[in-house]
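Q: I'm new to this one, could you walk me through it?
A: Gladly, here it is.

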Amino acid sequence: MSKLAGASTWEESLYEHLTSHELTEGAMLVEYRDAATTSSSSAFRYLSALIMEDEIRHHKVFRDLASALKNDVELDPEAPAIPHMGTWGDDAAAVLTLTEALLEREREDAKELKELTSELKSLKDESLWPLLVRLMEMDTAKHIEILKFVRRHARRAVK
Ligand SMILES: [Fe+2]
Ligand SMILES: [Fe+2]
């Protein structure tokens, strides 16, 4: 594992954690990729491919976190893989307005998905569809979490 120049113990241990987790993620990614391409069950191939997309993203996020930590510790003048929060650009008010509108839309989306879930309830023992709609509900909860984060911080920048 590559070390960080001039890191504190805490930074060194976090870096170790991030990079070792990235390896675990990479190994799981290979297993899902195999399942997604070689399983004799088309349902399992489909679902494994969905997980694989998430794992690709996890792998990238862990890599970005490790890289951003390294950038920070080594006072690298290059822009970090994960941007600094900053003050939400030169128009934080516009970011805030857009975020609030998007949040509203995501909440409507969540409601619709919930209705769809109950419409599909009768299929839950015979089809992947209810699962897929449920997963979109979970994604929507994630989008709401992201937008609430932006809203909270952009509000501070506007004041
Ligand atoms: Fe993962
Ligand atoms: Fe969304």
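**Helices and overall form**

A: In this predicted model, α1 passes α2 in a left-handed crossing, meaning that the near helix is turned anticlockwise from the far one by less than a right angle, clockwise being right-handed. Local features need pLDDT of at least 70 and side-chain atom pairs 80 or more, while totals for chains, interfaces and linings use all residues. Residues are numbered from 1 along each chain as written, with chains lettered from A and ligands numbered from 1 in written order.

Q: At what angle do α1 and α2 pack?
A: Helix α1 (residues 9-38) and helix α2 (residues 42-73) pack at about 160°, with axes 8 Å apart, the axes being lines fitted to C-alpha atoms over the stretch in contact and angles running from 0 to 180 degrees between N-to-C directions. They are therefore roughly antiparallel, a label for angles over 145 degrees.

Q: New topic: how many helices and strands are there?
A: The chain has four helices and zero strands, which are DSSP runs (H or I, at least four residues; E, at least two) numbered from the N terminus.

Q: And how far does the C-alpha trace span?
A: Along its principal axes the trace spans about 60 × 45 × 20 Å.

Terms used
Angles under 35 degrees count as roughly parallel, over 145 as roughly antiparallel, 65 to 115 as roughly perpendicular and the rest as oblique.
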